[in-house]
Amino acid sequence: MYCMLNAMKDLMRAIRTLHPLWQVWVLLLMALNFAGPLFYFDRIEAIYTFWAGMLGAGIGLTLISFQGVTRLAGIMHAPWFCLLYYLWGRLPGLDLQTPFGLWLAAVMVCNAVSLVIDTVDVIRYLRGERAPLIDSTGCEV
């Protein structure tokens, strides 16, 4: 448990070192994937979105607890590949003009963009950029 709490602190510290626009981006992703589903928890799409986010958070915190905040942390969003595939299949039966439909479309677009960013980060890690993104003092490297 202690390692996961430290990993959460490290992740939050890393987010605070980001450019303010990236901080807004992360806040948007968190709102869409964790807070948004709570408004639609009677819908299976919202439940899947929430649990894909929770699974990703667990993966990310586990990675961070072992090696710190590196580009490999982008793997935390891997469950979104399955989520987006599932949600894509649900689109034909949904009215995207409703608040639920608008939220779902926002989840799909933002998560897809994030997956592109994360894929680039993981590729950069695999190509050798393995240094932590923040140092032990919490400053961006």
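Helices here are DSSP runs of H or I of at least four residues, numbered from the N terminus. The model is predicted.

**Helix α3 and its neighbours**

Helix α3 covers residues 44–67 and α4 covers residues 79–90. Helix α5 is made of residues 99–126.

| Helix pair | Axis distance | Angle between axes |
|---|---|---|
| α3 and α4 | 9 Å | about 170 degrees |
| α3 and α5 | within 12 Å | roughly 25 degrees |

Angles over 145 degrees count as roughly antiparallel and those under 35 degrees as roughly parallel. The angle between α3 and α4 therefore makes them roughly antiparallel. On the α3 side, the residues in this contact include Ile44, Tyr48, Ala52 and Ile59, while those from α4 include Trp80, Leu83 and Leu87. By type, the residues of the contact are 10 nonpolar, three polar and two charged.

By the same cut-offs, α3 and α5 are roughly parallel to each other. The crossing of α3 past α5 is left-handed. Here Glu45, Ala46, Thr49 and Gln67 of α3 meet Phe100, Trp103, Leu104, Val107 and Tyr125 of α5. Six of the residues in this contact are nonpolar, two are polar and one is charged.

**Arg71 in the loop**

Arg71 lies in the loop between α3 and α4. Buried means under 20% relative accessible area. Arg71 has a value of 16%, so Arg71 is buried. Leaving out residues up to four places away in sequence, Arg71 touches Asp121, Val122, Arg124, Tyr125, Glu129 and Leu133. With Glu129 there is also a polar contact between the two side chains, at 3.3 Å.

Conventions
Residues are numbered from 1 along each chain as its sequence is written. This is a predicted model: local features need pLDDT of at least 70, side-chain atom pairs count only at pLDDT 80 or more; totals for chains, interfaces and linings use all residues. Side-chain values use heavy atoms; hydrogens and water are left out. Helices (H or I, at least four residues) and strands (E, at least two) are DSSP runs, numbered from the N terminus. Buried means under 20% relative accessible area, exposed over 50%, partly exposed in between (1.4 Å probe, protein chains only). A polar contact is a pair of N or O atoms within 3.5 Å; within protein, one must be able to donate a hydrogen and the other to accept it, and residues adjacent in sequence count only if both atoms are side-chain atoms. Contact means heavy atoms within 4.5 Å. Axes are lines fitted to C-alpha atoms, for helices over the stretch in contact, and angles run from 0 to 180 degrees between N-to-C directions. Angles under 35 degrees count as roughly parallel, over 145 as roughly antiparallel, 65 to 115 as roughly perpendicular and the rest as oblique. A crossing is left-handed if the near helix is turned anticlockwise from the far one by less than a right angle, and right-handed if clockwise. Ala, Val, Leu, Ile, Met, Phe, Trp, Tyr, Cys and Pro count as nonpolar, Asp, Glu, Lys and Arg as charged, and the others, Gly among them, as polar.
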